[in-house]
Amino acid sequence: MDSRSLSKSYDAYYYAHGCGEPYQRSEKWLRFFRSVAERVVTGFQPSTVLDAGCAMGFLVEALRDKGIFAYGIDLSEYAISQVREDIRPFCRTGSLTEPLPQSYDLIVCIEVLEHLSADEGQQ
């Protein structure tokens, strides 16, 4: 399946029903990603971070709120459309199998690898 077709699989229905608890802007998810951001900042002290498979950009948002130059990429056009408006310029639709536009101090990948084929995981 090509990346455009796969992107359409990760639509509003998927995020409402395919992630256990609905994956949406809620205090539970925002609190979780603020906690992850705090650990990233204190544990690694990066200047730049890529959230590979950022979905709705909650980690990018939490990191940017802490002053980190964070960026996100996700295959899902739907998910990227849900990114907080002021964070949208830093998140984009794309595949992790494509070359990255820059280098980063840290690349974070949460709940993504299980969505890659074995071949894609080797790239």
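## Helix α4 and its surroundings

Helix α4 is followed by Gly67, a residue with a positive phi near 90°. The model discussed here is a predicted one.

Of the 8 residues of α4, 7 are buried, so the helix is largely enclosed by the rest of the structure. The buried residues are Phe58, Leu59, Val60, Glu61, Ala62, Leu63 and Arg64. Their packing partners are helix α3 together with strands β1 (48-52), β2, β3 and β4 (106-108).

## Overall organisation

The protein chain contains 6 helices and 4 strands. Read from the N terminus, the order of these elements is α-α-α-β-α-β-α-β-β-α.

The chain has 123 residues, of which 38% count as buried. Among contacts with a separation of 6 or more, 52% are between residues 24 or more positions apart.

## The contact of α3 with α4

Helix α3 spans residues 27-44 and helix α4 spans residues 58-65; their axes come within 8 Å and cross at roughly 55°. An angle from 65 to 115 degrees would count as roughly perpendicular and one under 35 degrees as roughly parallel; the two helices are therefore oblique to each other. The crossing of α3 past α4 is right-handed.

On the α3 side, the contact is formed by Trp29, Leu30, Phe33, Arg34, Val36, Ala37, Val40 and Val41, which meet Phe58, Leu59, Glu61, Ala62 and Leu63 of α4. By residue class, this contact comprises 11 nonpolar and 2 charged residues, with no polar ones.

## Leu30 within the helix pair

Leu30 lies in helix α3 and counts as buried, at 15% relative accessibility. Beyond its neighbours within four places in sequence, Leu30 is in contact with Arg25, Phe58 and Glu61. Leu30 and Ala62 are 32 residues apart along the chain, and 7.9 Å separates their C-alpha atoms.

## Aromatic pairs

There are 13 aromatic pairs in the structure. One of them joins Trp29 and Phe32: the ring centres are 6.3 Å apart and the planes stand at 90°, so the pair is edge-to-face. Trp29 and Phe32 are 3 residues apart in helix α3, a separation of about one helical turn. An α-helix has 3.6 residues a turn, so residues three or four places apart point the same way. Trp29 is buried, with a relative accessible area of 14%, whereas Phe32, at 38% relative accessibility, counts as partly exposed.

A further edge-to-face pair is formed by Tyr71 and Phe90, whose ring centres are 6.1 Å apart and whose planes are at 70°. This pair links distant parts of the chain, 19 residues apart: Tyr71 is in strand β2 (residues 69-74), and Phe90 is in the loop between α5 (77-81) and β3 (91-93). Tyr71 is partly exposed, with a relative accessible area of 22%. Phe90 also counts as partly exposed, at 27% relative accessibility.

## The aromatic cluster

Which residues do ring pairs link into a cluster? The members are Tyr10, Tyr14, Tyr15, Tyr23, Trp29, Phe32, Phe33, Phe58 and Tyr78. Among these, Trp29, Phe33 and Phe58 also belong to the contact of α3 with α4.

How values were computed: Residues numbered from 1 in each chain as written. Predicted model: local features only at pLDDT ≥ 70, side-chain atom pairs only at ≥ 80, totals over all residues. Heavy atoms only, no water. Axes fitted to C-alpha atoms, helices over the stretch in contact; angles between N-to-C directions. Parallel < 35°, antiparallel > 145°, perpendicular 65-115°, else oblique. Left-handed = near helix turned anticlockwise from the far one by under 90°. Contact = heavy atoms within 4.5 Å. Nonpolar A, V, L, I, M, F, W, Y, C, P; charged D, E, K, R; others polar. Phe/Tyr/Trp six-rings, centres within 6.5 Å; stacked < 30°, edge-to-face > 60°. Buried < 20%, exposed > 50% of the residue type's maximum accessible area, 1.4 Å probe, protein only.
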